[in-house]
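Let's walk through this one together, one question at a time. Have a look first, then ask away.

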Amino acid sequence: MNAPILPPILNDNPVLDRWVSFPAPGMVTVNTGRVELGQGVLTAMLQVGADELDVDKSRITICSGVTGVTANEGYTAGSHSIQTGAVALRQALADVRSLFLTQAAAIMNCDVAELSIRDGGILRNGASTGQDYWTLAGAIDLSTKATGLGKRKAVADFTSIGHDTPRLDLPAKIFGDAAFIHDMKLPGMVHARVVRQPNRGATIGTVDEAAIQRAAKGPVDFVRTGDFLAIVGNNELSVDLAGAAAVDRVTWNNVETPTPLQQESTWLLQRPSVDKVIGDPEPADPQGRQRFEATFTRGYVAHASISPSCGLALLTDGKMTVWTHCQGVYPLRGALSRMLKMEPSDIIVHHVQGSGCYGHNGADDAAADAAIIAQQMPGTPIRVRWRREEEFVYEPKSPGMVVKVRALIDENGKPSDWTQEIWSGNHNGRPGGGSSLLGEEALPGYVPLPPANEVPEAAGGGATRNGDPLYDIPQKRMIHHKIEEPPVRLSSLRGLGATANGFAMESCIDELAERASMDPVAYRLSIISDPRARGVIEKAAAMANWQPNAPGGEGHGRGFAFARYKNKAAYFACVVELDVEEEITVRHVWCATDAGLVVSPDGALNQIEGGIIQAISWVTKEQVRFDNDAPTGTVSFDWETYPVLKFSEVPEIEMALLNTKDEVPLGVGEVAGGPIAGAIGNAVYHALGARIHHLPLTRDRIMATLLQG
Amino acid sequence: MSQRFDFSVNGKPVSVALDNEATPLLNVLRNELGLMGTRFGCGLEQCGCCMVLIDGEPVKSCNRDVSTLAGKTVTTIEGIGSHERPHPLQQAFLDEQAGQCGYCLAGILISAKALLEKNPSPTRKEIALALDGNICRCGSHNRIMRAVEKAAAVMRAGERA
Ligand code: FES
Ligand code: FES
C-alpha cells in the first residue's frame with residue numbers, strides 16, 4: 001500500500017510532538033503555528049482539537065507561534081489558516097489518536113475496532129476501561145512522524161467543528177486584562193523610540209542631543225549604530241517626548257521622499273517594469289468583433305492598525321528572545337538572523353497578540369527595532385512602541401494599482417476574450433519573502449536585497465490576484481507589469497490585488513450587461529456555469545429582493561458583484577445599496593458566502609462582516625497621500641489625515657453562509673474586498689448614471705462626475 | 001523634583017509621585033498603577049482606545065494631564081466589572097461576541113457606559129453617534145451596537161425589577 005499523502009503543512013512539520021502533548025493528567029496542549037490576529041483562529045484550533053482527539057474543549061490549552069516549539073507554518077495570512085492549517089492539525093491529531101488506540105488495544109489484547117474515546121478516556125464496546133490518554137502517554141513516543149494513516153473524523157460526527165464557539169481571547173479584552181503585547185512588562189525593561197531614517201540610503205547629518213534631552217523632561221539615552229538612532233529610558237513619557245522632538249532635531253542627508261505625482265497610480269504607467277503574460281496570447285486582430293475597454297486605478301492604502309506596532313527583545317547569554325505580534329515567527333526569525341548576524345538557533349521568537357493587522361504592517365519592523373537595540377544593550381529588556389505617526393508613515397503600504405480591461409464581445413453580447421492588464425508594485429514585501437526589515441536599512445554596511453518576487457500564481461498571485469475571471473470566457477489572459485521601484489515600501493494588505501482587480505472586473509461586467517440590455521444578475525448567471533458561483537449569486541440577489549432592471553438615479557442606487565477569492569477559496573456575492581450626495585453613504589449590504597466547511601459559523605460571519613466594513617472604508621475614503629515638501633513625505637499620518645469608516649457610517653449588513661457541511665473548508669477572511677469594491681462602483685453608476693473609475697470614490701471625484709453629467 | 005497627585009481610581013484613593021506634572025492620565029494608569037486595560041492607540045485624542053470616565057464623563061485619557069485630577073474620580077474598564085461580576089455591557093459583548101482583535105473594546109465599553117447612564121434607551125443612531133469618537137478598524141461595529149442595545153434592555157429590565 002502506498003503511504004497516504006500528508007497535507008502539505010504536516011509534510012513539512014511531520015513530528016507529532018510539534019502538534020500535541022499531554023502535559024499532566026486530564027490536560028492536553030494543542031500547538032499551532034497559526035497566530036491570533038483577531039480572527040479567532042485559536043478558538044478554531046481548539047474546536048479541531050476537541051473533535052479529532054475526542055476530549056472536552058476545557059481540557060485543551062492552545063500554544064501558538066513560538067519558534068522551536070510550534071510547527072513552522074510560514075505566515076498566518078492569505079485565508080490559509082483553516083484551508084490548510086486546520087487540515088494539517090486534523091491529520092496530525094488523527095494520527096495521534098490512532099497511536100493511542102493501537103497501544104490500548106495491545107494492552108487489552110483486543111481489536112482496535114472495539115475501542116472508542118470519550119473525553120480522553122478509552123472505551124471498549126462503549127464501556128470504560130480505566131485507560132485514557134494520560135495513563136497511556138508514557139508508553140507512546142510522540143517524537144515519531146505522522147503517517148497520515150489515522151482516520152480523520154467524518155463531518156457528520158463533528159460535535160465541535162461547525163458549532164459556534166465563544167472566542168478564547170475575547171474575555172481578556174472585554175475585561176481589560178493585559179491581553180496585548182503592549183501590556184507586557186519584563187523586569188528591568190526600558191522603553192525605546194526610534195528616530196526613523198526617512199528613506200533607505202538617507203544618512204544622519206546632525207543630532208541636537210541637548211534639545212532632545214530638554215524636550216524629554218527627564219533622563220534619556222541615545223543608542224546609535226550606523227544611521228539607526230534610538231532613544232531609550234526608564235520613563236515612557238520622557239522617551240515619547242524625546243522621540244517626537246527628535247523628528248525635527250535630527251537632520252538627514254540624501255532625503256528622497258515621495259511626491260504628489262507619485263501618489264496617483266497612473267504614475268506607474270511610465271515606469272520600468274518586469275512584464276509577464278499569464279494565459280492565452282492576446283489576439284492581434286480582433287476582426288470586427290465588438291470591443292470594450294476601460295481603465296481603473298486605486299491609490300496606496302494603509303493597514304492603519306488601531307494600535308501602533310510594538311516589539312520587545314532581550315539578549316542574554318548570546319541568545320536573543322523577541323516578542324512580536326507579527327504574522328510569522330519563523331520567517332521573522334530568519335530575517336532577524338540575517339540582520340543580527342546570529343544563528344537562527346540562537347533566536348527565539350514568541351508571538352504575543354496585538355491589534356488587528358490585516359496583513360504585513362509595522363509589527364515585524366518594531367520587533368526588529370527592539371532586537372537592534374537589545375543587541376547594543378545586552379541584558380536589558382527593550383520595549384519599542386511606535387508612535388501613531390510612525391505607524392502611518394512607515395508601515396509598508398498596499399500598492400497603488402492600474403488595471404486596464406479589454407474585452408471582445410460575441411454576437412450574443414457575451415465576452416469571448418478578456419485581457420486584464422495590471423500595473424503594480426510588489427504585494428510581497430514580507431521579511432521572509434526577501435525584503436529587509438525597516439531598521440536593517442539604517443544599519444552599518446547595509447546592502448539592499450534584490451527586489452523580492454511577487455506572490456506566485458500558484459499561491460493566488462499578488463497584483464494579479466482575482467485578475468483572472470471565473471466567468472466562462474473562451475480566451476483570456478492577465479498581463480502583469482511589476483514595477484520594481486515603487487515610491488514607498490510596499491507589502492501585503494488583506495486581499496492583495498483582489499480589491500483593484502475585482503473593482504475593475506465587476507465594473508466591466510456591469511458595463512457589458514448594459515450593452516447586452518440585460519440585468520446585471522441575469523447577465524452574470526448567463527456567463528457562469530460553476531454551480532457554487534451560481535449558488536451565491538442567486539442567494540445574494542434573493543436576500544436583497546433584487547428587482548431586475550430596477551431604475552436607479554436621483555442619488556440612490558444598488559449594485560451587484562461576485563468573486564471567488566483567488567479563484568480557489570470561498571465564493572462571495574453581494575448587493576450594495578447606497579446614496580450619493582456629495583459623498584457616498586452605504587445603507588445596506590446583503591451577501592452570500594460559500595466557504596464550504598466552516599469551523600465556527602459565528603466566527604466566519606464576524607470575519608466576513610469585518611471585511612465588508614473595511615472594504616467600504618477603503619473604497620469610499622482611503623488613500624495615502626504624499627507630499628515631498630512635508631518632513632516625512634507622507635501627509636496621511638493620523639486618523640484626521642487618514643480617516644476610516646465611523647460607527648455612524650456603517651450600513652446594515654445581512655449575511656448567509658452556504659454549504660457549511662461540505663467536506664472541504666475554503667478560506668473566508670478576505671472574500672469581501674473585490675466584490676464590495678465592484679458592487680459599490682456599480683451602485684454609484686446606478687445612482688448617478690456615470691461611472692467613476694478611480695478608487696477611492698471621494699467627494700472630489702463624485703463632484704467632478706456630477707458636474708460633467 | 002517629584003510632586004504628588006491624589007485622586008481616586010475605581011473607587012480607591014491613589015497617590016502618585018511624578019516628576020512631570022504634564023504626565024497624561026493614560027501613562028499614570030498603565031505605567032504607575034499597572035492598569036493595562038486602558039489602551040494606547042494614538043496619543044492624539046483621535047481614536048478612543050484610552051477612554052475613561054472622569055466624574056462619570058467619558059474622557060480620552062491620553063492627553064489629560066494628571067495635574068487636573070485633584071479630587072476627581074476616575075473609572076477605567078477594570079472598574080466597571082470583572083470576569084466574576086461582569087457589567088451588563090460586558091456580558092452583552094460576550095454574548096454577541098462583539099469584537100475581533102478587541103483592542104478598541106475597552107474604550108468603547110467606557111463610551112457605551114457613559115451613554116447608557118444618560119440615555120437608558122438609545123436608538124441605533126444615538127449609539128452610533130455616541131461611539132463615533134471610538135475607532136474600530138476590524139469592522140466589529142454592528143456587533144458592538146447590537147451588544148449595547150442588548151445591555152440597555154437588560155439594564156432597563158433590571159431597573160424595573
Ligand atoms: S490613545 Fe487617546 S484617543 Fe487615541
Ligand atoms: S475589534 Fe479590532 S479594532 Fe475593534
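Visitor: How many disulfides are there over all chains?
Guide: A disulfide here is a pair of cysteine sulfur atoms within 2.5 Å. Cys104(B) is buried at 5% relative accessible area, and Cys138(B) is buried too, at 4% (buried means under 20%, exposed over 50%, partly exposed in between, with a 1.4 Å probe and protein chains only). By the sulfur rule, the count over all chains is 0.

Visitor: What should I know about the model and its numbering?
Guide: It's a predicted model, so local features need pLDDT of at least 70 and side-chain atom pairs pLDDT 80 or more, while totals for chains, interfaces and linings use all residues. Side-chain values use heavy atoms, without hydrogens and water, residues are numbered from 1 along each chain as written, and chains are lettered from A and ligands numbered from 1 in the order written.

Visitor: What area is buried between chain A and chain B?
Guide: Counting contact as heavy atoms within 4.5 Å, 63 residues of chain A touch 54 of chain B. Buried area is the accessible area (1.4 Å probe) that two parts lose on being put together, summed over both. Carbon and sulfur atoms give 56% of it here, and the total is about 4600 Å².

Visitor: Which residue forms a salt bridge with Arg143(B)?
Guide: A salt bridge needs a side-chain nitrogen of Lys or Arg within 4 Å of a carboxyl oxygen of Asp or Glu. The rule finds 4 of them across the interface of chain A and chain B. In this pair the closest N and O atoms are 3.0 Å apart, and the partner is Asp602(A).
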